[in-house]
Amino acid sequence: MKIVFLCLCWAIAAPLLLAQSSPAPLTSGPTSAGRLDPAAATRAWLDSVPAEKRARSDAYFEGGYWLILWNFLLGAAISIFLLESALSARLRDFAERATHSKLLQIAFYAVAYVVIVAVLSFPLGAYSGYFREHAYGLATQTFGPWFREQLIGLAVSIVGSAILMVALYAVFRRAPRTWWLWGTAVGVLSIAAAMLIAPVFVAPLFNTYKPLTDSRISEPILAMARANQIPVRQVFEVDESRQNNRVSANVSGLFGTTRISLNDNLLKQCTLPEIRAVMAHEMGHYVLNHSFKLILYFGLFVFAGFAVLRAFFDRAIQRWGSRWSVSGIADPAGFPLLALIFSTFFFLITPLANTAVRVTEREADAFGINTAREADGFAKVALKLGAYRKLDPSQVEEFIFFDHPSGRARIRMAMDWKAANLPAGDVASR
Ligand SMILES: [Zn+2]
């Protein structure tokens, strides 16, 4: 239920790769008659990763494909259980007896629903979010602090879901014919509100953000910001090493809450050219208005989701409504059916949603390479990313499962840029 858009673009488990020696021959790239061959250079970068590391990160990433399926099936099973057991209807009845306020009834239902779903999905969440991460050496947190953060996340979900459901059922009650259009508006506003609020109120619940003070790092980053008219005066550092050992940076927020942050793992484990490559990518998200583009893309998906909901909800209620004791769209007891239809729709459009994000990431990559002018630094970071993301997938695999370009695609873009050998501009010769 938590809708938070953070671009964790560059999450990397660096220790797995730091031991690996840098592919030194690529400093100038493999050449053919003195010119860089981008295809051969890309292959050489990829071949520099030892086979056993590739196998391990491939296994980790491919396991994630199955987790998409298991998460969907578990969510669907929970929805069907809540409807078939009439637990959903009993929750609604209890809320109606407890208060006459429609608003409070919905809020009560939302709290109970989120808690029940959290409890029932906890085993799979613990496997995928804790035990599996440790098995692959990607997490640094012990179970106690991890569990504490899950509880904080649950509290945020309860508040966010209650507000969202109160707004949704208000429009469902007042607009019996056009509820799905108003529902879309509530959905899009919720995405925008989450983006506005998350960096200021949610992210600090999990981590400490402070201005990056080392001017040897911050000044080259701020210079790129100045060169691109980005009105930031400081870059934030976040203490993410308390949760994991992935190198990451992100741009988050909307309007005045936009901030560019990098984590302490990135600072410790990457060289300045690599840090510049990553931060230039993040600036690309800002300059290219990716927050608004993603609101638009996901707004269209939410619109399509509500259209599908409209097509199937009433039919399902006509057939099974009396068995479930659900009267219609404005009845909160029908929320598990709404969740079931919505999650099925979003499960089926996984490739489209991933592509919408991947396309914006590719735009940020292009911006980043042109700004940082660090083709090799970019390639090195893309390789480090390969510790947890499959480096060289098939085209179909990349289309379906990748919300960022694959390592191969990113390195190829960097090598194409390098081979083009763009002039920096020579004022003195004019
Ligand atoms: Zn990104």
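This is a guided tour of a predicted model, stop by stop, for a reader with the structure open in a viewer.

**Before selecting anything**

Residues are numbered from 1 along each chain as its sequence is written, and side-chain values use heavy atoms, with hydrogens and water left out. Because the model is predicted, local features need a pLDDT of at least 70 and side-chain atom pairs count only at pLDDT 80 or more, while totals for chains, interfaces and linings use all residues.

**The whole chain**

Along the principal axes, the C-alpha atoms fill a box of roughly 80 × 45 × 40 Å.

Of the 430 residues, 51% count as buried, where buried means under 20% relative accessible area, exposed over 50%, and partly exposed in between (1.4 Å probe, protein chains only).

**Colour by confidence**

Next, colour by pLDDT, which is the predictor's confidence in each residue, from 0 to 100. The protein averages a pLDDT of 89, and 90% of the residues score at least 70. Then select residues 1-33, over which pLDDT stays under 50, although the model has 100 contacts for them beyond four places in sequence. Where pLDDT is low, the predicted coordinates should not be read in detail.

**The largest nonpolar core**

Now select Phe172, Phe306, Leu309 and Leu338, which touch the most other members among the 50 residues of the largest nonpolar core; such a core is a set of buried Ala, Val, Leu, Ile, Met, Phe, Trp, Tyr and Cys residues joined through side-chain atoms within 4.5 Å. The helices that each supply at least two residues of this core include H3 (51-84), H7 (143-174), H8 (179-206) and H13 (335-348). Helix H12 gives the most to this core, with 11 residues.

Centre the view on Phe306 and, leaving out residues up to four places away in sequence, look for Leu168, Phe172, Trp179, Trp180, Gly183, Thr184 and Phe342, all of which Phe306 touches. A second, separate core of 23 residues can be picked up from Ile230, Val247, Ile275 and Val381, which are among its members.

**Thr42 and its partners**

Move to Thr42 in helix H2 (residues 38-47), which is buried, with a relative accessible area of 5%. Apart from its neighbours within four places in sequence, Thr42 is in contact with Arg408, Ile411, Arg412 and Met415.

**A buried lysine**

Which residues make polar contacts with the side chain of Lys390? Select Lys390 in the loop between H15 and H16; with a relative accessible area of 10%, this lysine is buried. Its side chain makes polar contacts with the side chain of Glu62 (2.5 Å) and with the side chain of Glu397 (2.7 Å). A polar contact is a pair of N or O atoms within 3.5 Å; within protein, one must be able to donate a hydrogen and the other to accept it, and residues adjacent in sequence count only if both atoms are side-chain atoms. Beyond four places in sequence, the contacts of Lys390 also include Asp58, Phe61, Tyr65 and Phe402.

The side chain of His404 makes a polar contact with the side chain of Asp403 (3.0 Å). Ala382, found in helix H15 (residues 375-385), is also buried, with a relative accessible area of 1%.

**Two asparagines with positive phi**

Finish with Asn289, in the loop between helix H11 (272-287) and H12, whose phi is near 55°, a positive value in a residue other than glycine; at 43% relative accessibility, Asn289 counts as partly exposed. Asn421, in the segment after H17, likewise has a positive phi, near 50°, and at 62% relative accessibility counts as exposed.

Note on methods:
Helices (H or I, at least four residues) and strands (E, at least two) are DSSP runs, numbered from the N terminus. Contact means heavy atoms within 4.5 Å.
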